[in-house]
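Please consider the structure shown here and the questions that accompany it.

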Amino acid sequence: MIEDPYPPIPNHESRLSPKAVLFDAYGTLFDVFSISVLAEKLFPGHGQALAIMWRDKQIEYTRLVTTSNHGIHYRPFSALTRSSLIYSIKRIVMPLLPSGVSISFADEVEELLEQYQKLTPFPESIDVLHKLHAMGIRTGILSNGDAHMLHPIVKSAGLQGLLDHVISVDPIRKFKTHPDAYALGAKVCGLPASQILFVSCNSWDALAATWYGYQTLWVNRYQLPFEELGTQPTLIGNNLHSVFQLLDNWKL
């Protein structure tokens with residue numbers, strides 16, 4: 001057994017029943033790797049690798065522009081999504097071209113970016129939001145995505161009317177995991193973070209939200225270990241239905 005030399009940090013004080021549930025968008029409500037189907041069609045044999053690198057580079061870029069030079073190099077998430085896609089194509093596809101051949105892949109880039117506005121929602125996303133709506137619990141998205149990315153994908157997935165808030169970090173020009181990004185959720189909801197449940201499939205996101213003060217659900221869809229930084233989320237589940245396990249616990 002591997003021992004952690006740093007003791008776990010206790011989670012927050014006694015928890016109150018949440019008055020709102022905020023969801024991360026990309027990777028939590030919407031499957032970012034569903035883009036691999038189109039990527040495979042455009043780049044046979046490389047669709048999955050391209051989708052994975054695209055996502056990793058996208059998140060890396062958010063951290064770079066947030067932590068470097070006080071936001072001077074900030075770009076909206078849509079621009080970083082484009083840049084990270086182009087990088088991934090250059091890294092994975094272009095080296096396989098015959099010597100001397102140069103292709104821009106501009107049409108493929110535009111087709112993939114258009115599809116990114118229509119990412120497949122996870123199977124339970126609509127059902128969970130319907131049930132929360134019926135329970136009278138406010139719901140929302142708190143996302144790195146800018147508004148003109150988020151509103152089309154919400155519409156494409158049929159989630160209009162099921163979300164009270166669609167919150168983008170773009171106005172503050174700082175991406176998650178910056179504390180100011182999580183502060184937006186509490187500000188828009190008009191609630192202390194301790195009365196909001198934040199749900200994310202991204203372990204780094206769930207960790208930072210826990211540090212900020214939210215109650216948190218990490219949706220561990222891929223059976224991965226949680227981050228080894230001494231803090232655990234309030235609950236770990238396999239899909240979004242675990243939200244109701246938390247809500248039931250609060251009623252006890």
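The following questions and answers concern a predicted model.

Q: How many helices and strands does the chain have?
A: In this predicted model, 50% of the 252 residues of the chain are buried. Of the contacts with a separation of 6 or more, 66% involve residues 24 or more positions apart. As for secondary structure, the chain has nine helices and six strands.

Q: Which strands stand at the edges of the open sheet?
A: The six strands of the open sheet are paired in parallel, in the order β3-β2-β1-β4-β5-β6. An edge strand has a single partner, so one side of it is left without a neighbour in the sheet; this applies to β3 (165-168) and β6 (235-237).

Q: By what angle are neighbouring strands of the open sheet turned against each other on average?
A: The strands of this open sheet pair in the parallel sense.

Q: Which residue in β6 is the bridge partner of L217?
A: Strand β5 comprises residues 215-219 and pairs with β6 in the parallel sense over three bridges. L217 has its bridge partner in β6, namely L235.

Q: How far apart are the end C-alpha atoms of helix α3?
A: Helix α3 (residues 77-92) has 16 residues, which should span 22 Å at 1.5 Å a residue. The model agrees with this expectation, because the end C-alpha atoms are separated by 22 Å.

Q: What covers the buried residues of α3?
A: The buried residues of α3 are F77, S78, L80, T81, S84, L85, S88, I89 and I92. An α-helix has 3.6 residues a turn, so residues three or four places apart point the same way. The cover over the buried residues of α3 includes α2 (47-67), α4 (106-116) and α6.

Q: How many residues apart in sequence are the parts tied together by W54 and Y116?
A: W54 and Y116 form a tilted aromatic pair, 5.0 Å centre to centre with 45° between the planes. Both W54 and Y116 are buried. Because W54 lies in helix α2 and Y116 in helix α4, the pair ties together parts whose separation in sequence is 62 residues.

Q: Which residues do ring pairs link into a cluster with W54 and Y116?
A: Y74 and F175 form a stacked aromatic pair, 5.3 Å centre to centre with 25° between the planes. Y74 lies in the loop between α2 and α3 and F175 in the loop between β3 and α7 (179-189), so the pair ties together parts 101 residues apart in sequence. Ring pairs link W54 and Y116 into a cluster with Y26, Y74, F77 and F175.

Notes:
Residues are numbered from 1 along each chain as its sequence is written. This is a predicted model: local features need pLDDT of at least 70, side-chain atom pairs count only at pLDDT 80 or more; totals for chains, interfaces and linings use all residues. Side-chain values use heavy atoms; hydrogens and water are left out. Two strands pair if DSSP finds at least two bridges between them. Helices (H or I, at least four residues) and strands (E, at least two) are DSSP runs, numbered from the N terminus. The expected span of a helix is 1.5 Å times one less than its number of residues. Buried means under 20% relative accessible area, exposed over 50%, partly exposed in between (1.4 Å probe, protein chains only). Contact means heavy atoms within 4.5 Å. Rings of Phe, Tyr and Trp (its six-membered ring) pair if their centres lie within 6.5 Å; planes under 30 degrees apart count as stacked, over 60 as edge-to-face and the rest as tilted.
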